[in-house]
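Colleague: I would like to learn how to read a fold from its coordinates. Please take me through it feature by feature.

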Amino acid sequence: MAIDKKVPSYNGIHYFSQGWKLIRLPGIRRFVILPLLVNILLMGGAFIWLFNRLGNWIPALMSHIPGWLQWLSYLLWPLTIISIILVFSYLFSTLANWIAAPFCGLLAEQLEARLTGVPLPDSGWVGILKDIPRIMKREWQKLAWYLPRAIGLLLLYFIPGFGQTVAPVLWFLFSAWMLSIQYCDYPFDNHKVSFQQMRHALRQHKADNLQFGALVSLFTMIPIFNLAIMPVAVCGATAMWVDRYRTPQKTVSPVSNNNA
């Protein structure tokens, strides 16, 4: 699949910041409500529960550190907290994305139509309802790609010393890449671009996509901000699609070439 080299020079930070602006566009705000509501209910409740449990979990986890590494406790303690929040936030954001996937797809569709002036076929609620089986199949594809890699990284945490220091860094990088895939997938999937093609396209701009995903991952861990991160990330990823990937995908995209 050929990738158009003539793309805007904006980086992932730009598209993340654009997401915060785009959710406020007139005509787009109403499509933000349902993803926002799902995220508030699920992530808000999950983080309240998590912070009530951390006081018991941290001492239990720290007790597994061998005696010869106790002098590193001052460093391993914050890394352990960060690790728990990273894993927890990603797992619950994944669950939230499953529930909100049809609404996120609709938001991406409507925003793309607004940015390009070209509405997609079957746009709106009726089209999304027809596509729910395909959307859920796509979510299973992402989960099947994600789980083996996530399990491998989680196993690192059981290696004393090494796991507590290296695994959080590797998990953050992996989460950044996976979140970029997760949110960029909505506009790609609206155009029925295969999951494999999408990953190939994203790898052509891996550094920028890692920047975007890293910021999404970071804000997913920050209370209050994490409640709004889902629609923000969908909007930022859609803006990236319009600028960088829409024209290269025109052979499989139903969008007219006149505005590509």
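Modeller: What follows goes from the overall fold to helix pairs and then to single residues. Keep in mind that this is a predicted model.

Colleague: How many helices and strands does the protein have?

Modeller: There are eight helices and zero strands. Read along the sequence, the pattern is α-α-α-α-α-α-α-α.

Colleague: What share of the residues counts as buried, and what share of the contacts joins residues at least 24 apart?

Modeller: The protein has 260 residues, and 53% of them count as buried. For the contacts, take the pairs at least 6 apart in sequence; 78% of these join residues at least 24 apart.

Colleague: Now the helix pairs. At what angle do helix 1 and helix 8 pack?

Modeller: Read the angle together with the axis distance. Helix 1 covers residues 12-22 and helix 8 covers residues 225-245; their angle is about 110 degrees, with the axes 7 Å apart. Angles of 65 to 115 degrees count as roughly perpendicular, so helix 1 and helix 8 are roughly perpendicular to each other. Their crossing is right-handed.

Colleague: Which residues of helix 1 and helix 8 meet?

Modeller: From helix 1 come Tyr-15, Phe-16, Gly-19, Trp-20 and Leu-22. Their partners in helix 8 are Phe-225, Ala-228, Ile-229, Val-232, Cys-235, Gly-236, Ala-239, Met-240, Asp-243 and Arg-244. By class, this contact divides into eleven nonpolar, two polar and two charged residues.

Colleague: How do helix 1 and helix 7 cross?

Modeller: Helix 7 covers residues 206-220, and the axes of helix 1 and helix 7 come within 7 Å and cross at roughly 45 degrees. The two are therefore oblique to each other. Helix 1 contributes Gly-12, Ile-13, Tyr-15, Phe-16 and Trp-20, which meet Asp-208, Gln-211, Phe-212, Leu-215, Val-216 and Phe-219 in helix 7. The contact has eight nonpolar, two polar and one charged residues.

Colleague: That leaves helix 7 against helix 8. What are the angle and the axis distance there?

Modeller: The angle is about 170 degrees and the axes are 9 Å apart. Over 145 degrees counts as roughly antiparallel, which is why helix 7 is roughly antiparallel to helix 8. This crossing is right-handed. On the helix 7 side are Asp-208, Asn-209, Phe-212, Val-216, Phe-219 and Thr-220. They meet residues of helix 8 including Phe-225, Ile-229, Ala-233, Gly-236, Met-240 and Arg-244. The classes here are nine nonpolar, four polar and two charged.

Colleague: Is Glu-139 buried or exposed?

Modeller: Glu-139 counts as buried, at 2% relative accessibility. Its place is in helix 4, residues 125-156. With residues up to four places away in sequence not counted, Glu-139 touches Asn-97, Trp-98, Ala-101, Gln-182 and Tyr-186.

Colleague: Where around helix 6 do the buried residues sit?

Modeller: Helix 6 covers residues 195-203, and its buried residues are Phe-195, Met-198, Arg-199, Ala-201 and Leu-202. They cover an arc of only 160 degrees around the axis, so they are on the same side of helix 6.

Colleague: Last, backbone angles. What is the phi of Lys-192?

Modeller: Most residues other than glycine have a negative phi. Phi of Lys-192 is near 60 degrees, a positive value in a residue other than glycine. Lys-192 lies in the loop between helix 5 and helix 6 and counts as exposed, at 53% relative accessibility.

Terms used:
Residues are numbered from 1 along each chain as its sequence is written. This is a predicted model: local features need pLDDT of at least 70, side-chain atom pairs count only at pLDDT 80 or more; totals for chains, interfaces and linings use all residues. Side-chain values use heavy atoms; hydrogens and water are left out. Axes are lines fitted to C-alpha atoms, for helices over the stretch in contact, and angles run from 0 to 180 degrees between N-to-C directions. Helices (H or I, at least four residues) and strands (E, at least two) are DSSP runs, numbered from the N terminus. Angles under 35 degrees count as roughly parallel, over 145 as roughly antiparallel, 65 to 115 as roughly perpendicular and the rest as oblique. A crossing is left-handed if the near helix is turned anticlockwise from the far one by less than a right angle, and right-handed if clockwise. Contact means heavy atoms within 4.5 Å. Ala, Val, Leu, Ile, Met, Phe, Trp, Tyr, Cys and Pro count as nonpolar, Asp, Glu, Lys and Arg as charged, and the others, Gly among them, as polar. Buried means under 20% relative accessible area, exposed over 50%, partly exposed in between (1.4 Å probe, protein chains only). The arc is that of the directions from the helix axis to the C-beta atoms.
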